[in-house]
Protein chains: 2
Amino acid sequence: MVNENQHTCSASSSSKSDGGSSSGSESSKDSSRCSTPVLDAERHERLREKMRRRQDSGDKWFSLEFFPPRTASGAVNLISRFDRMGAGGPLFVDVTWHPAGDPGSDKETSSMVIASTAVNYCGLETILHMTCCNQTKDEITGHLQKAKRLGLKNIMALRGDPAGEEWQEEVEGFNYAVDLVKHIRNEFDDYFDICVAGYPKGHPEAENYEADLRHLKEKVLAGADFIITQLFFRSETFLKFLKDCQAIGITCPIVPGIFPIQGYHSLRQLVRLSKLEVPQEIKDVIEPIKDNDAAIRNYGVELAVSMCRELLDSGMVHGLHFYTLNREVATTEVLKRLGMWTEDPRRPLPWAVSAHPKRRVEDVRPIFWASRPKSYIYRTQEWDDFPNGRWGNSSSPAFGELKDYYLFYLKSKSPREELLKMWGEELTSEESVFEVFTCYISGELNKNGHRVTCMPWNDDPLATETNLLKEQLEKVNRRGILTINSQPNINGKPSTDPIVGWGPSGGYVFQKAYLEFFTSSEIVTALLKVLKKYETRVNYHIVNVKGQNITNAPDLQPNAVTWGIFPGREIIQPTVVDPVSFLFWKDEAFALWIEQWAKLYEEESPSRMIIQYIHDNYYLVNLVDNDFPLENCLWQVVDDTFELLN
Amino acid sequence: MVNENQHTCSASSSSKSDGGSSSGSESSKDSSRCSTPVLDAERHERLREKMRRRQDSGDKWFSLEFFPPRTASGAVNLISRFDRMGAGGPLFVDVTWHPAGDPGSDKETSSMVIASTAVNYCGLETILHMTCCNQTKDEITGHLQKAKRLGLKNIMALRGDPAGEEWQEEVEGFNYAVDLVKHIRNEFDDYFDICVAGYPKGHPEAENYEADLRHLKEKVLAGADFIITQLFFRSETFLKFLKDCQAIGITCPIVPGIFPIQGYHSLRQLVRLSKLEVPQEIKDVIEPIKDNDAAIRNYGVELAVSMCRELLDSGMVHGLHFYTLNREVATTEVLKRLGMWTEDPRRPLPWAVSAHPKRRVEDVRPIFWASRPKSYIYRTQEWDDFPNGRWGNSSSPAFGELKDYYLFYLKSKSPREELLKMWGEELTSEESVFEVFTCYISGELNKNGHRVTCMPWNDDPLATETNLLKEQLEKVNRRGILTINSQPNINGKPSTDPIVGWGPSGGYVFQKAYLEFFTSSEIVTALLKVLKKYETRVNYHIVNVKGQNITNAPDLQPNAVTWGIFPGREIIQPTVVDPVSFLFWKDEAFALWIEQWAKLYEEESPSRMIIQYIHDNYYLVNLVDNDFPLENCLWQVVDDTFELLN
């Protein structure tokens with residue numbers, strides 16, 4: 001009998017033959033095995049397990065707190081901040097809950113949507129805050145159900161600030177965070193990891209410090225998995241609190257909340273809200289420089305670094321939680337100086353994974369969305385099952401349509417004016433379009449003196465890997481082979497290679513050369529003649545906006561173009577060129593001409609008509625050179641094509 | 001939504017985006033795609049589709065007819081003949097049906113069991129003959145159900161010889177082959193491919209030639225897919241028959257039955273049974289040499305070759321069916337001289353596939369059974385699903401127990417006396433066991449002057465690939481590292497490599513070096529110390545008969561040790577070292593010491609006690625060198641071990 005469930009880790013079938021198998025001096029601790037290759041063990045763990053693993057291994061970690069933005073453009077910025085700060089390797093981020101801001105709604109600025117975007121689109125382990133006072137059980141349950149549906153797995157259970165001046169306990173209602181913890185455990189069993197707040201100086205409303213410690217213990221006993229503390233100004237404050245907690249039997253992780261002082265006003269505001277007192281020695285430094293933001297920030301960084309060092313050196317602290325105030329500089333600086341900002345260019349897979357629990361096993365994607373991973377995630381969000389190990393095996397793709405190119409998490413980071421500067425206030429010919437592509441690749445200024453740092457198909461500057469192909473790409477773009485995606489061939493580089501490596505160390509990574517571009521029908525006609533010579537060495541798919549499709553893919557099978565071989569594991573093949581998905585991608589790729597570029601110009605304007613002409617008449621082409629150990633022949637294919645045309 | 005069914009080829013999801021995708025000058029004919037990589041298209045086709053594909057491509061094919069053996073040892077011989085003749089590339093074999101021989105039973109000599117063994121254990125496309133006269137519908141249905149259950153997909157529907165002298169039609173019964181064809185189509189719809197017999201000279205009992213042609217057409221109209229003819233002596237006989245069939249509207253394939261004359265008596269017997277007349281010109285040659293078997297066979301080969309050439313040259317014949325009389329030499333010779341014996345050392349996968357329809361998608365196996373594929377098939381015959389693309393993904397292995405080491409299709413081809421000559425009439429020490437292993441590897445005579453051509457774990461001489469490692473293997477076996485399985489590392493050889501290649505051309509194959517052996521606990525202790533130095537480079541599993549198990553496999557994951565990269569396809573990884581399966585294999589590997597070797601000797605004899613001691617005290621070890629691009633380090637591991645011991 002064969003286990004058909006891809007997702008469960010089943011205990012190995014018991015039988016006479018493995019009855020005695022788990023003894024022996026170095027035997028594996030258990031005989032269960034996971035049905036998917038564990039490339040990145042943390043990807044399969046809950047947050048509390050990740051914390052435990054880090055504690056056991058001694059790897060110090062950090063986490064980052066953000067609040068939801070007020071405006072839609074703020075949301076766009078916050079999401080790109082998630083991407084940038086996510087690169088430093090936080091164990092998790094958390095998003096605060098503001099009852100006044102409609103936090104559970106579908107607005108792009110709601111806590112719920114921001115947290116969900118962090119999980120699903122930025123691949124970050126995320127904690128959603130939730131406050132309970134002045135809310136009904138049904139409201140709370142509704143929020144929790146929605147959070148679960150969106151793939152959120154962690155809740156920070158808080159009381160929140162009472163609405164009125166004089167707060168009254170409600171019978172039957174939620175009066176304390178502990179009520180929310182109990183409610184989550186009652187209604188959702190062990191689904192969520194629950195975090196609660198600790199107050200190193202005692203909660204301002206508690207009778208006293210000891211009573212507050214007892215409340216904290218109640219929250220843990222009710223089912224909280226770990227504690228994050230309120231900010232504090234001296235390491236002794238936290239270390240005393242930690243010992244006091246342990247003394248009354250609190251054994252779960254307690255994470256210090258670090259607040260790098262970033263400015264005079266933000267400090268004052270926070271102090272007022274938290275009812276904390278700033279120590280005199282800090283006031284003494286800050287007051288004289290209160291109008292010098294840079295000086296205050298430098299001081300704040302110093303202060304945070306030295307406090308964090310004391311905490312870490314105590315041996316009792318395994319992770320640090322940062323109150324970022326949605327700013328990058330200070331926190332990043334503190335982490336870099338602590339040596340905890342681990343911007344490792346290597347990745348578990350060549351593409352950014354999503355943190356939604358149902359995508360845990362996902363380890364294959366079509367190459368087409370390589371520069372638009374958020375769009376791929378969006379268009380596959382309704383899938384119940386994800387390709388695991390093989391594309392053809394588990395996925396008959398039904399991609400959601402992408403109608404709204406303006407969803408905040410898919411939107412270009414650049415405003416219209418900047419795009420016009422990059423892509424041309426006025427286009428005069430197809431060649432002026434070629435020039436935009438060429439400038440994007442070469443990094444040279446365009447004729448109006450602007451650098452082209454993004455394209456409709458690539459919202460970021462050229463990847464380091466693509467730089468390997470820069471010279472050739474530049475040459476072909478100049479001649480109207482408008483490239484939007486490419487990768488060099490790789491014949492077994494170490495998995496630790498800083499540019500092309502991914503996955504665990506000790507392995508080897510491979511790639512087939514890939515080139516994807518838009519081009520005119522004249523060039524396609526010549527190209528097809530040239531491709532005949534290359535027979536099975538080169539696979540091609542050529543399609544226009546109407547869906548006229550020309551391919552030599554055998555039996556419409558996917559072609560693996562990136563794979564890795566690792567010690568003691570099955571082979572991972574995370575990227576494929578899939579003929580079926582290509583037809584879904586082509587709709588998006590063609591639409592981006594119009595949605596992102598043509599619409600910058602007036603209707604009926606010559607610029608818009610040039611883009612429209614390209615959209616209507618060009619073909620989207622992808623080429624794979626199957627002979628990865630030899631020199632990439634795709635440049636020769638293009639050269640042969642131009643030679644035939646001349 | 002994702003298609004969860006691994007086995008069906010589903011049409012690609014229809015959507016706006018692929019609405020126009022099938023137009024264009026070179027577009028794929030249909031938009032369906034198979035969920036498994038089509039490495040070997042024929043593996044997924046029915047026999048009639050394979051015939052059509054060969055006819056379309058112009059590749060001439062041949063098939064081989066066998067009859068069931070009379071004795072159990074005859075069955076063992078026939079199965080190894082299937083293996084040898086299967087290597088020449090027949091499109092199918094067929095097994096005749098002898099009502100007197102209990103053909104539908106579970107006896108090892110029954111037609112049913114022989115045909116099932118050909119399909120399941122030898123991986124041959126197989127037609128089971130079935131006769132219907134003197135049988136009830138229920139009996140016939142029972143046979144057909146059993147055939148289906150066993151994985152047989154093709155039936156040759158025959159009337160059979162009536163039991164009595166004067167044959168009487170039975171009302172309601174099966175009187176003609178056409179009744180059986182109809183019955184199969186009624187009861188089993190399109191499940192079986194059906195073949196019927198054609199008589200180039202007319203059936204001996206038919207009123208006349210024309211009436212017989214009409215009967216043949218009836219059989220085809222009733223649902224037969226193709227026709228194999230009775231033997232004949234002149235190509236004109238067949239070609240006339242073929243034209244006559246076509247003239248009355250028979251359009252299915254008609255395959256000539258070729259009978260290479262192999263001896264005077266067998267010819268006379270066949271002629272008597274088939275009521276054919278031997279042409280005078282043949283009689284004139286044969287009669288004078290009737291006592292010279294070799295001369296007759298040479299003449300028979302000549303005759304068959306020239307007749308086959310005429311048939312093939314006519315352009316109307318695409319395949320040849322050979323009546324082998326269960327003999328190899330003449331048919332093989334004819335085929336070789338025709339250039340149709342395609343003993344291609346390359347294989348679709350590195351191991352021999354089974355032809356059972358439910359194993360069609362199987363493309364991963366543990367390496368342990370590499371030399372015992374029939375035992376692997378036997379122990380997994382109850383599986384409903386087979387690993388496809390990844391081992392860990394689809395298989396939580398529950399292996400059937402192997403209790404009966406004497407099943408005819410698992411049995412050694414050599415009788416006890418020969419085994420004793422090879423493995424020692426009398427063993428005097430563990431070292432005399434080392435010597436047997438060493439002689440098997442080196443090919444040298446043992447001290448009694450016999451060549452060791454098989455071992456309990458390898459019933460065949462050393463594989464060509466293993467020869468690459470011969471020198472080192474010999475050295476370590478001499479010192480008590482008793483190797484039973486190994487492969488060299490390979491870093492991207494062409495898939496057409498004559499020794500290690502497999503799969504379609506244009507690809508590259510890879511391997512990690514593998515070594516599996518029995519050895520003493522002293523050596524294991526030293527080995528473990530040495531292995532520490534190699535860290536993750538070498539994965540090991542070490543187990544004794546009691547199941548004490550020592551491994552460094554991460555999370556009990558399987559390790560892919562053979563894989564191939566092909567144009568336009570996903571990666572195929574057909575062989576894994578799987579920690580869980582290893583524990584099932586170790587039972588079998590240890591049991592073979594006793595079942596195949598110890599039991600050759602008297603109980604309590606010193607020889608038997610030596611084998612028993614090894615069985616009880618040695619460890620089974622496997623080692624994988626993960627660093628396939630570097631020189632195999634496993635020999636260094638063994639050298640280091642011996643150095644540590646000295």
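Let's start with a word that comes up a lot: a residue is buried if its relative accessible area is under 20%, exposed if that area is over 50%, and partly exposed in between, using a 1.4 Å probe and protein chains only. B:Gly257 is a clear case, since at 0% relative accessibility it counts as buried.

Before going on, a bit of housekeeping. This is a predicted model, in which local features need pLDDT of at least 70, side-chain atom pairs count only at pLDDT 80 or more, and totals for chains, interfaces and linings use all residues. Residues are numbered from 1 along each chain as its sequence is written, chains are lettered from A and ligands numbered from 1 in the order in which they are written, and side-chain values use heavy atoms, with hydrogens and water left out.

A contact here means heavy atoms within 4.5 Å.

Now take in chain A as a whole. It has 21 helices and 20 strands; these are DSSP runs numbered from the N terminus, with helices (H or I) of at least four residues and strands (E) of at least two. Its C-alpha atoms fill a box of roughly 85 × 75 × 45 Å along the principal axes. For 646 residues, a compact globule would have a radius of gyration near 26 Å, and the 28 Å of chain A agrees with that. That radius is taken over C-alpha atoms, and the globule rule is 2.2 Å times the number of residues to the power 0.38. Of the 646 residues, 61% count as buried. Among contacts in chain A with a separation of 6 or more, 73% come from residues 24 or more positions apart.

Zoom in on strand E20 of chain A, residues 619-625, where 7 of 7 residues are buried. A:Tyr619, A:Val621, A:Leu623 and A:Asp625 point one way, while A:Leu620, A:Asn622 and A:Val624 point the other way. Two strands pair if DSSP finds at least two bridges between them. E20(A) is joined antiparallel by 7 bridges to strand E15 (513-519) of chain A, with A:Asp625 as the bridge partner of A:Ala513. Strand E16 (538-544) of chain A also runs antiparallel to E20(A), again over 7 bridges, and here A:Val621 is the partner of A:Ile542.

Strand E5 of chain A, residues 126-131, is mostly covered too, with 6 of its 6 residues buried. It runs parallel to strand E4 (92-95) of chain A, joined by 3 bridges, one of which partners A:Asp94 with A:Ile127.

A:Ala72 sits in helix H2 (72-86) of chain A. Its relative accessible area is 33%, so it is partly exposed. Leaving aside neighbours within four places in sequence, A:Ala72 is in contact with A:Glu108 and A:Thr109. The C-alpha atoms of A:Ala72 and A:Thr109 are separated by 6.4 Å, although the two lie 37 residues apart along the chain.

Over to chain B, and back to B:Gly257, which lies in strand E9 (254-258) of chain B. Not counting residues up to four places away in sequence, B:Gly257 touches B:Thr229, B:Gln230, B:Leu231, B:Phe232, B:His321 and B:Tyr323.

B:Tyr264, B:Ser266, B:Leu267, B:Val271 and B:Ser274 are buried. They cover an arc of only 165° around the axis, which puts them on the same side of H8(B); the arc is that of the directions from the helix axis to the C-beta atoms. On the other side, B:His265, B:Arg268, B:Arg272 and B:Leu273 are exposed. What covers the buried residues includes strand E8 (226-231), helix H9 (280-286) and helix H10 (293-313) of chain B. Just after H8(B), B:Lys275 takes a positive phi of about 55°.

Finally, chain B has an open sheet of 5 strands in the order E11-E19-E18-E14-E13, with mixed pairing. Strands E11 (365-366) and E13 (490-494) stand at the edges with a single partner strand each, so one side of each is left without a neighbour in the sheet.
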